[in-house]
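I opened my notebook to look up how the pieces of a structure are laid out. Here is what I went to see.

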Amino acid sequence: MSIIETRDLVRDFKRTRAVDHLTLAVEPGEAVGYIGANGAGKSTTIKMLTGILKPTSGTVRTCGIDPMRDRIGVARRVGVVFGQRSQLWWDLPLRESFGILAAIHRLDPAAAAARTDRLVEQLEMGPQLGTPVRSLSLGQRMRAEIAAALLHTPELLILDEPTIGLDVLSKQRLREFLVAERRERGTTLLLTTHDMGDIERLCDRVLVVDHGRLAFDGTLPGLAATVGAQRMLVIDLAEPSLDLTGVPNTTLVESESGGLRQRLAFDAEATTAAAVLAHVSARHGVRDLTIEEPDIEDVVRRIYAASGRG
Amino acid sequence: MSSVAPCACPRPCPVKTFWLLVRAGFRRHSTYRLALLAGMTTNSVFGIIRAYILLAALASAGASIGGYDASMAVAFVWWGQALLGTVNLWGFAEVKDRVRTGDIAIDFLRPLDPQLAYLAGDLGRAGINLIGRGIPAILLGALLFDIAWPPSGLSWAAGAVSVLLAVIVAFAGNFVINLLAFWLVEIRGITLLWMITGGLLCGLYLPVPWFPDWLRTVATWSPFPSMLQQPIDILAGRVVGAGIATSLAIQLFWVTALLALGQVVLRAGRRRLEVQGG
């Protein structure tokens with residue numbers, strides 16, 4: 001049984017249709033990136049998945065439950081973090097928020113204590129346990145939010161913009177934790193983000209939503225391939241050379257410094273970086289090289305452009 | 001996959017959850033000690049002024065007015081001042097603000113009834129206010145004036161229950177007012193109306209039995225006397241015997257009615273909820 005299932009899901013607001021006949025399924029154990037521009041319908045979908053928002057039409061099942069009918073049943077099995085809202089008690093030390101949440105979820109006290117200790121250790125929050133939540137830094141608070149969402153060991157973790165506003169190091173720690181948590185427990189993950197690093201590090205499947213419709217469903221490399229995004233081989237040659245025009249299955253994009261650095265775009269389906277390199281190094285002395293992967297933001301832009309949106 | 005399963009014993013757990021939320025409310029409000037002290041001081045100053053005004057009124061009237069003699073009138077004033085912080089007459093804005101900002105969504109993401117959760121928090125708030133503001137105020141009143149104490153152990157016990165019910169009535173009423181934010185952009189006007197009407201009809205300024213007939217009738221049919229006048233009458237010894245049972249029954253009616261109304265409005269609000277952005 002799918003852990004998330006929507007069929008012909010529609011949600012209208014006063015003037016706009018935020019979600020437009022969305023049909024999707026997520027299987028247990030998957031890590032899915034849900035991406036799209038602001039206003040594409042990401043948050044609206046999540047709100048309907050968790051029973052906060054009533055669909056205009058269509059059906060939603062989260063963990064097999066209709067969230068509008070049994071909000072509490074869904075809440076027991078799903079952990080949610082809205083990056084811009086807090087589920088912690090602002091005036092109280094962090095430790096007490098965990099205690100109250102454990103009681104709200106009716107966890108066995110011994111098991112709750114063990115789970116809290118483990119999360120605190122993994123997320124390195126020990127020193128902050130006695131600090132009132134209002135005094136935590138954004139990075140500390142976000143780690144605390146994720147721990148709070150995972151305290152009841154949900155089957156499904158939904159993160160809405162979890163890394164928004166975080167510095168590089170904080171993002172890194174959060175991602176590493178999520179990878180470890182998923183490896184350990186097989187928690188299903190649904191993640192919305194504008195940060196492609198999140199998707200690359202955490203997700204094995206990508207859903208692109210545009211105007212409330214599903215514009216793409218597949219792997220990240222597949223997404224790049226769909227819009228014909230190409231990889232780029234940047235070659236530094238030992239001596240200035242003529243433009244490398246004759247290399248099979250490649251296009252010369254740029255040649256700098258009299259041919260010392262040349263950029264060759266190639267389609268990953270048609271050839272490999274190794275074949276391109278072999279062809280070039282048979283004719284020229286190669287000093288250095290780098291490979292540039294397609295920029296996913298650019299890929300999403302191209303999907304939107306293809307569907308007639310700027 | 002999961003080693004921490006929700007416990008299979010639903011019986012003791014909801015009570016424990018509720019109790020923990022009460023304690024959290026207590027702790028949250030106890031962090032603002034200076035506010036408690038300021039509140040206590042204000043309540044006491046007004047207590048002294050109001051007590052002298054009522055005593056002057058009684059002196060000019062002769063003996064007693066509406067069943068209040070001098071020591072009962074003083075008790076009326078000081079219990080009123082003492083319970084002013086405990087019973088949340090002036091209302092709260094937390095739920096309204098959470099509806100407006102959309103943070104109410106977080107409350108719906110918990111396996112818990114939001115009304116019960118907020119009630120628990122408010123009982124905790126009432127507890128710290130009773131200890132930090134109420135008891136010191138009544139002790140000061142007793143020190144300065146000749147106060148009528150509850151005439152019996154039963155009156156003390158019934159008074160305590162009545163105070164608890166008063167806290168719940170005030171909470172339940174304010175909760176409904178807060179929820180109107182689901183439909184209205186700004187509820188400040190309604191809150192103000194509630195405060196003015198409530199302040200008058202609950203018997204804070206003057207005892208309800210002193211009202212002219214028509215106003216007393218209005219008050220009797222409103223939930224406001226259940227928030228202050230009724231517990232005070234029991235504690236001041238004006239209402240005794242079978243009157244206590246009637247008084248508690250009326251409070252219980254308003255607790256039930258307003259909490260039920262809150263549930264209906266909360267359900268309707270949830271269906272209407274449009275959390276924008278984020």
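My entries below go from chain A to the helices of chain B.

**Ground rules.** I am working with a predicted model, where local features need pLDDT of at least 70, side-chain atom pairs count only at pLDDT 80 or more, and totals for chains, interfaces and linings use all residues. Residues are numbered from 1 along each chain as its sequence is written, while chains are lettered from A and ligands numbered from 1 in the order in which they are written.

**Chain A.** I looked up the domains and found domain 1 (4–224) and domain 2 (230–293); such bounds come from an automatic or database domain assignment. Their C-alpha centres lie 42 Å apart. An unreviewed UniProt entry places "domain: ABC transporter" at residues 4–236 of chain A. UniProt positions are in the numbering used here, feature names are shortened, and annotations may be inferred rather than shown by experiment. I read 36% helix and 27% strand over residues 4–236 of chain A, with the end C-alpha atoms 48 Å apart. Helices (H or I, at least four residues) and strands (E, at least two) are DSSP runs, numbered from the N terminus.

**Chain B, UniProt spans.** The unreviewed entry gives "transmembrane region" for several stretches of chain B, including 34–58 and 192–212. Residues 34–58 of chain B are 100% helix and 0% strand, with end C-alpha atoms 36 Å apart. Residues 192–212 of chain B are 48% helix and 0% strand, and there the ends are 24 Å apart.

**Helix H6 of chain B.** H6(B) covers residues 114–144, and its 31 residues reach 43 Å from first C-alpha to last, close to the 45 Å expected (1.5 Å times one less than the number of residues). Where is the kink in H6(B) centred? I found it at B:Leu130, with a bend of about 45° (the angle between axes fitted to the seven residues ending there and the seven starting there).

**Helix pairs.** Two packed helices are described by the angle between their axes and the distance between the axes. Axes are lines fitted to C-alpha atoms, for helices over the stretch in contact, and angles run from 0 to 180 degrees between N-to-C directions.

- H3(B), residues 70–83, comes within 7 Å of H6(B), axis to axis, crossing at roughly 160°, so the two are roughly antiparallel (over 145 degrees).
- H2(B), residues 33–61, comes within 9 Å of H6(B), axis to axis, at roughly 30°, so this pair is roughly parallel (under 35 degrees).

Key
Angles under 35 degrees count as roughly parallel, over 145 as roughly antiparallel, 65 to 115 as roughly perpendicular and the rest as oblique.
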